[in-house]
Amino acid sequence: MPRNGKARAALSEIPSRRLPAAPGVLASSRGGGLICAVNLAWDPAELPGHTSVLLTSGPLDDEGRLPRDTAAWLRA
């Protein structure tokens with residue numbers, strides 16, 4: 001098992017819950033204040049409520065929206 005195996009096991013035991021989000025956006029939260037949002041819609045979408053953006057799979061648009069086919073990991 002990798003060095004961080006205990007942390008991974010603990011995270012996998014925490015259930016995720018679906019969050020309200022713009023149409024075409026899948027958003028969920030899993031303990032520790034982590035939110036993941038993925039935009040599957042054609043148009044850019046507003047991010048779910050959060051305090052900071054931790055990582056994105058591509059740049060947000062000029063208005064801070066999530067472009068299509070892009071994921072963001074946020075701090076709740």
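Two strands are counted as paired if DSSP finds at least two bridges between them. Helices (H or I, at least four residues) and strands (E, at least two) are DSSP runs, numbered from the N terminus. The model is predicted: local features need pLDDT of at least 70, side-chain atom pairs count only at pLDDT 80 or more, and totals for chains, interfaces and linings use all residues. Residues are numbered from 1 along each chain as its sequence is written, and side-chain values use heavy atoms, with hydrogens and water left out.

**View 1. The open sheet.** Five strands, paired in antiparallel fashion, form an open sheet in the order S1-S2-S3-S5-S4. Strand S1 (17–18) and strand S4 (52–56) are the edge strands, each pairing on one side only.

**View 2. The pairing of S2 with S3.** Strand S2 (residues 25–30) and strand S3 (residues 34–39) run antiparallel and are joined by six bridges. Within this pairing, Ala-27 stands opposite Ala-37 in S3.

**View 3. The largest nonpolar core.** A nonpolar core is a set of buried (under 20% relative accessible area, 1.4 Å probe, protein chains only) Ala, Val, Leu, Ile, Met, Phe, Trp, Tyr and Cys residues joined through side-chain atoms within 4.5 Å. The largest one has 10 residues, including Leu-19, Val-25, Ala-27, Ile-35, Ala-37 and Ala-45. S2, S3 and strand S5 (70–75) are the elements that give two or more residues to this core.

**View 4. The surroundings of Ala-45.** Contact means heavy atoms within 4.5 Å. Beyond its neighbours within four places in sequence, Ala-45 is in contact with Ala-22, Val-25, Asn-39, Arg-65 and Leu-66.

Conventions
Buried < 20%, exposed > 50% of the residue type's maximum accessible area, 1.4 Å probe, protein only.
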